[in-house]
Amino acid sequence: MIVTFYKYQGTGNDFIMIDNRLGGFPKADNELISFLCDRRFGIGADGLILLEEDNSAHFKMVYYNADGNPGSMCGNGGRCIVAFAKFLGIITNKAEFNAVDGLHIATTTNGIISLQMQDVTEIMAKPNCLFLDTGSPHHVQMVANLDAFNVLEEGAKLRYGIYGEGGSNINFVEQTSENDFAVRTYERGVENETLSCGTGVTAVAIGMHYWGKTNGDLVKIHTKGGNLSISFNKVLERYENIWLEGPAKQVFKGKIEI
């Protein structure tokens, strides 16, 4: 079977995109998906995303982690699939799509994708960190000298030591100015540092506001893969109208026999 795929990246977070509206891709084959995401033996990506038909929206996003297992919501993947849908002619400048965490709205303008994320209703504060769910679970922790920090080693310790087999994504943060933060993320399912994580930077922006590190409702985040911005409204103890914005680009198209 020959499969046509596209490679997309959003601030260095890269994904294999497949148009599965006809339903021919063997998505129950987790070993195949893991192989395709392998950077040495396969195509190579942080995850694989299927674009499928949906009766109530423009399309459905089905996301798999690089280990081949179904994943929770992926913010950068969500932005990339909107760019993919525009490329396919499914949308023009606005999209509604369903993902594992529900309905999302997005807009696209000159390669910049703005994606509305789910509301955040609960934040767990621990002595030196926060835990919140922005479509995926995230640990947020401030550190000094982020550039030299051992994200792989420390992220793995926290991911398995505190959060167990189910795990959490682990974000390390350093403030660079009043409304600007640098972030590095260890992602579960990839089991390594990625260049960027959309739900992670969203969690960081909300977490920094919750902690009083910033009073603004527009936060700029710098990742190793590029810059993202997050805007939101705080209503009582709830964060609403959360938007993740940044670039998403098609890298190449290819065919692979499976």
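## Pockets and cavities in a predicted model

By the grid rule used here, there are two cavities of 30 Å³ or more. This is a predicted model, in which local features need pLDDT of at least 70, side-chain atom pairs count only at pLDDT 80 or more, and totals for chains, interfaces and linings use all residues. Residues are numbered from 1 along each chain as its sequence is written, and side-chain values use heavy atoms, with hydrogens and water left out.

Me: What makes a space a cavity and not a pocket?
Reply: On a 1 Å grid over the protein atoms alone, a cavity is a set of points where a 1.4 Å probe fits but cannot get out, while a pocket is an open set with protein on both sides within 12 Å along at least five of seven lines.

Me: How do you know the volume of the largest cavity?
Reply: Grid points are joined across faces, edges and corners, and the volume is the space filled by probe spheres set on the points. For the largest cavity that comes to about 110 Å³.

Me: What makes a residue part of a lining, and which ones lie nearest the centre of the largest cavity?
Reply: A lining residue has an atom within 4 Å of a point. The largest cavity has 13 such residues, and Asn65, Ser72, Met73, Ser136 and Glu187 lie nearest its centre. Strand E4 (59-65) and helix H4 (198-210) are the elements that give two or more residues to this lining.

Me: Why are those called a strand and a helix?
Reply: Because they are DSSP runs, numbered from the N terminus: helices are H or I with at least four residues, and strands are E with at least two.

Me: Which element gives the most to the lining of the second largest cavity?
Reply: E12 does, with three residues. The space itself is about 40 Å³, and its lining includes Val183, Arg184 and Thr185.

Me: How large is the largest pocket, and which element gives the most to its lining?
Reply: Its volume is about 190 Å³. E13 gives the most, with three residues, and the lining includes Asn192, Glu193 and Thr194.

Me: Why are some residues of that lining called charged?
Reply: Because Asp, Glu, Lys and Arg count as charged, while Ala, Val, Leu, Ile, Met, Phe, Trp, Tyr, Cys and Pro count as nonpolar, and the others, Gly among them, as polar. The lining of the largest pocket has four nonpolar, three polar and five charged residues.

Me: How does the lining of the second largest pocket divide?
Reply: Into six nonpolar, three polar and two charged residues. This pocket has a volume of about 150 Å³.
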